[in-house]
Every structure is written in structure tokens, then in C-alpha cells.
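Morning, everyone. Let me put the structure up, and then we'll walk through it.

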Amino acid sequence: MLGDCHVKPQTVRYRPVDLGRAVGLSAQAVRNYEQAGMIPPAARTASGYRIYTDDHVRALSAYVALIAGYGHRAAGEIMKSVLGGDLPTALAVLDTAHIQLHRDRETVERVASAVVLLASGPPATLASDRPVSIGVLAHRLGVTPATLRKWERAGILAPARSRTARAYHADDVRDAELAHLLRRGGYPLQHIAAVIEQVHAAGGPGPLAASIDQWRERITTRGRAMLTGSARLADYLSSSS
């Protein structure tokens with residue numbers, strides 16, 4: 001850090017290496033972020049060396065914290081909007097991310113509720129693992145056969161075929177019941193298809209139930225990181241206004 005102890009805090013000057021150390025980055029990373037427009041441009045000495053201030057420390061601290069909570073793309077869009085004087089756009093990006101986090105939290109809770117029911121095993125009517133027709137499954141769920149065909153086109157269901165007719169086995173019924181639960185919650189088909197894929201990747205509702213706590217923890221961690229990023233951004237906005 002340049003300057004002596006008698007210089008007022010707001011006039012303290014930093015080299016790239018000093019600014020990098022303040023937030024755990026290399027001097028080159030600081031230069032790269034400045035060039036990319038993630039922090040305000042630095043003033044230059046007569047010999048061409050960059051001069052950073054406490055304003056840059058706060059901006060870079062905000063950007064790094066935003067990355068942890070919102071990801072590189074969103075963090076970059078937020079900082080570029082702020083530095084460009086377009087605060088409404090920056091706030092809109094923050095709002096969108098929080099809406100998605102809320103949706104993710106709702107999803108994991110709905111999946112947790114569904115898994116409690118589905119992990120107990122296939123319905124009694126399917127104890128012998130005899131497949132059922134599309135009409136039987138539609139009646140069981142209270143939907144139309146056309147709805148099940150629509151779910152199939154969306155990648156949610158993949159029933160086997162017996163000649164030309166669809167044959168739904170126990171796992172297909174489980175997927176349909178989970179899809180029906182999420183659909184009633186207002187989730188789009190693309191989102192439901194992703195949840196079903198997670199069930200398959202986990203090896204069924206049983207293993208998925210064991211990972212739900214980890215899923216919740218990841219959402220909580222992301223939420224706290226978003227809170228920290230927003231606070232750092234607020235600090236920067238207050239100091240630069």
C-alpha cells in the first residue's frame with residue numbers, strides 16, 4: 001500500500017498487487033477485471049502505473065462476493081450496469097436470481113414431500129409389476145391420456161411399448177405421480193423433466209431422499225452468499241453515491 005500514515009483514508013492509493021491481496025486475487029486478475037469493466041477504471045501516474053483507491057477495493061469486494069452468490073455471468077452484468085449508471089438493470093438481475101432461488105427452495109420441499117410417498121414402493125395395484133395402460137394411469141392421476149402423452153413429449157415419461165400401446169411399469173407410475181404433484185404446484189414441464197432426471201440419476205426416490213438434506217444445504221449456502229454479495233454491493237453504492 002502506498003502513501004504514509006498521515007494521508008486521509010479516502011486518498012489512500014493501492015497498487016494492483018495491494019488491491020488483489022485485499023480480496024484474495026492476483027495483481028493480473030485485478031487488471032483483467034478492470035479491463036473487463038467489472039471495477040472502475042484506474043487513474044494513472046505520470047509513468048503509467050495504475051492507481052487504485054478505497055473505491056476500487058469496495059467495488060472489487062462487491063464483485064467477488066457477487067460471484068460467490070450469483071455466478072460470474074450475473075455478477076458481471078450487475079457490476080457493468082452499476083458502473084454504467086443503470087441501477088434498475090442491476091437490481092433486475094438480483095431480483096431474477098432471488099426468484100430462481102425461491103423456486104429451487106420450493107422444488108426441493110415438494111420433491112421431499114413426494115419422496116416420502118414414493119419411497120414406500122410402488123402402488124399396491126402394481127405389486128406384481130404388471131404394466132398398466134395409458135387409460136388406467138390417466139384415471140389413477142385424474143388427468144387425460146393427452147396429458148400423459150404431452151409429458152412424454154417433454155421428456156418426463158418414457159413408457160415401454162407393447163406393440164403400439166404404451167405400457168407403464170411401476171417406475172413410470174412413480175415418475176407420473178411425482179410429475180403430477182409438481183405440475184399441481186405450477187412448475188413448467190421443462191423443470192419437472194429436470195427433477196425426474198435427478199430421481200433417475202440418484203437411482204430412485206430412496207437414494208434421492210438421502211441427498212435432499214445436501215440439496216437444502218446447497219440452497220442455504222447459496223442464499224447466504226447472495227446476501228453477502230448484496231450487502232457488499234450496497235456498501236459500494238453507498239460509498240460511491
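Buried means under 20% relative accessible area, exposed means over 50%, and partly exposed is in between, with a 1.4 Å probe and protein chains only.

Some ground rules. This is a predicted model, where local features need pLDDT of at least 70, side-chain atom pairs count only at pLDDT 80 or more, and totals for chains, interfaces and linings use all residues. Residues are numbered from 1 along each chain as its sequence is written, and side-chain values use heavy atoms, with hydrogens and water left out.

Back to Leu141. Leu141 sits in helix H6, residues 134–141. Helices (H or I, at least four residues) and strands (E, at least two) are DSSP runs, numbered from the N terminus. Setting aside neighbours within four places in sequence, Leu141 is in contact with Leu148, Trp151, Ala176, Glu177 and His180. Contact means heavy atoms within 4.5 Å. Take the pair Leu141 and His180: 39 residues apart in sequence, yet 7.3 Å apart in space, C-alpha to C-alpha.

That takes us to helix H8, residues 170–184. Its 15 residues should span 21 Å at 1.5 Å a residue, and the end C-alpha atoms are 21 Å apart, so the two agree. The expected span is 1.5 Å times one less than the number of residues. The buried residues of H8 include Ala176, Leu178, Ala179, His180 and Leu182. Asp175 counts as buried because its relative accessible area is 4%. Beyond four places in sequence, Asp175 touches Ile156, Leu157, Ile196 and His200. After H8 comes Gly186, with a positive phi near 90°.

Now helix packing. Helix H3, residues 54–70, packs with H4 at an angle of about 145°, and the axes are 7 Å apart. Axes are lines fitted to C-alpha atoms, for helices over the stretch in contact, and angles run from 0 to 180 degrees between N-to-C directions. Which residues make the contact? From H3, they are Ala59, Ala62, Tyr63, Leu66, Ile67 and Tyr70. From H4, they are His72, Ala74, Ala75, Gly76, Ile78 and Met79. The contact divides into 10 nonpolar residues, 2 polar and no charged. Nonpolar covers Ala, Val, Leu, Ile, Met, Phe, Trp, Tyr, Cys and Pro; charged covers Asp, Glu, Lys and Arg; the others, Gly among them, are polar.

Ser61 counts as buried because its relative accessibility is 17%. Residues up to four places away aside, Ser61 touches Val23 and Arg232.

Now the whole chain. The protein chain has 10 helices and 4 strands. Along the sequence, the pattern is α-α-β-β-α-α-α-α-α-β-β-α-α-α. Of the 241 residues, 39% count as buried. Among contacts with a separation of 6 or more, 59% come from residues 24 or more positions apart.

Last, confidence. pLDDT is the predictor's confidence in each residue, from 0 to 100. The chain averages 86, and 86% of the residues score at least 70. Confidence is highest in H4, residues 72–83, at a mean of 97, and lowest in H9, residues 189–202, at 82. Over residues 123–127, pLDDT is below 50. Residues 1–9 stay under 50 too.
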